[in-house]
Amino acid sequence: GMTSPVVELNVTVNPVYEIDTTIIIELGDKLMFGGDSLENEGLYTHTFSSDGGCDSIVHLQLKVMNQDVNMKSNGPLCEGETLVLTAEGGPSKASFSWTSPHGEVWNGQEISIPNATTNESGQYSLSMDINGKKIDVGDLMVEVRSSFTSEKDTILHGGETIVFGTQNISQSGTYTETFHNIGGCDSVVTLHVSDAARNSKVNAP
């Protein structure tokens, strides 16, 4: 019989690659991956064609560093003191702005508001601007406590001693004493002391 000729056929099987990779970018930066511009953390998958015409599947774990910003204030504080708000951390290229409960805006990583009043109490919002993109960081509650100033009048009867804070008063005059109120802030009280005998003579018909 007839014998068929043997034909050698070389077959090349190109592999399909599956690659896992992790890339870290700074907040506000973008990474081009398979035609997409990525800026948020997450797992992304893209299929690339390899030189041999076969696919390579890439699983990208994208991490964004410097996202944590710590907000703090020097509160609670008393009226008349300086309120200080600070943002710690965040990306190097970020610029920060604080918004008060009444809508005023201060720019800076740390801001100071001198002679704070109770009007400065409330919620302050912090935002970052990175490459023209505004990112809300969070809110911080601030408490400014009241300080009081008051005046009182009293009459001193003969031989009597009045205890007024740290002072023992036995004669007429004007006395000032500083007390701590419930909020821990100073209350300044001025006491006007008059002499009963002198008052009775003045009031005599």
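In which strand is the place of Thr 86? The legends below, drawn from a predicted model, start with that residue.

View 1. Thr 86 has its place in strand β8, which covers residues 83–89. With a relative accessibility of 12%, Thr 86 falls under the 20% limit and therefore counts as buried. A polar contact of 3.1 Å joins the side chain of Thr 86 to the side chain of Glu 110. Apart from neighbours within four places in sequence, the residues in contact with Thr 86 are Asn 70, Met 71, Lys 72, Trp 98, Gln 109 and Glu 110.

**View 2. The salt bridge between Glu 88 and Lys 72.** The closest N and O atoms of Glu 88 and Lys 72 are 3.1 Å apart, and the two residues form a salt bridge. Because Glu 88 lies in strand β8 and Lys 72 in strand β6 (residues 69–73), the pair ties together parts that are 16 residues apart in sequence. Glu 88 is partly exposed at 33% relative accessibility, and Lys 72 is partly exposed at 39%. Lys 72 is also one of the residues in contact with Thr 86.

**View 3. Strand β9 with its partners β10 and β12.** Strand β9 (residues 95–99) pairs with strand β12 (residues 122–130) in the antiparallel sense, over five bridges. The pairing of β9 with strand β10 (residues 105–107) is also antiparallel and has three bridges. Ser 97 has Ser 127 as its bridge partner in β12 and Asn 107 as its bridge partner in β10. Five residues separate β9 and β10 in a hairpin, and Gly 103 in the turn has a positive phi of about 95°.

**View 4. The open sheet β15-β19-β18.** Three strands make up this open sheet, in the order β15-β19-β18 and with mixed pairing. The edges are taken by β15 (148–156) and β18 (173–180); each has a single partner strand, so one side of each is left without a neighbour in the sheet. On average, neighbouring strands here are turned by 25° against each other, direction ignored. The strands β15 and β19 run parallel and are joined by nine bridges.

**View 5. Thr 190 in strand β19.** Strand β19 spans residues 186–195 and includes Thr 190. Thr 190 has a relative accessible area of 14% and is buried. Glu 151 stands opposite Thr 190. Besides Glu 151, the contacts of Thr 190 include Ser 150, Lys 152, Thr 174, Tyr 175 and Thr 176, with neighbours within four places in sequence left aside.

**View 6. Thr 178 in strand β18.** Thr 178 lies in strand β18 and is partly exposed, with a relative accessible area of 45%. Not counting residues up to four places away in sequence, Thr 178 touches Asp 186, Ser 187 and Val 188. The C-alpha atoms of Thr 178 and Val 189 are separated by 6.3 Å, with the two residues 11 apart along the chain.

**View 7. Further salt bridges.** The model has five salt bridges. In one of them, Glu 39 pairs with Lys 30, with closest N and O atoms 3.9 Å apart. Lys 30 is exposed at 53% relative accessible area, whereas Glu 39 is partly exposed at 24%. Salt bridges link Lys 30, Glu 39 and Lys 133 in a network. Glu 143 forms a salt bridge with Arg 145, the closest N and O atoms being 3.2 Å apart. Glu 143 is partly exposed at 40%, and Arg 145 is partly exposed at 29%.

Conventions. Residues numbered from 1 in each chain as written. Predicted model: local features only at pLDDT ≥ 70, side-chain atom pairs only at ≥ 80, totals over all residues. Heavy atoms only, no water. Helix = DSSP H or I, 4+ residues; strand = E, 2+ residues; numbered from the N terminus. Buried < 20%, exposed > 50% of the residue type's maximum accessible area, 1.4 Å probe, protein only. Contact = heavy atoms within 4.5 Å. Polar contact = N/O pair within 3.5 Å; in protein donor to acceptor, adjacent residues only side chain to side chain. Pairing = 2+ DSSP bridges. Axes fitted to C-alpha atoms, helices over the stretch in contact; angles between N-to-C directions. Salt bridge = Lys/Arg side-chain N within 4 Å of Asp/Glu carboxyl O.
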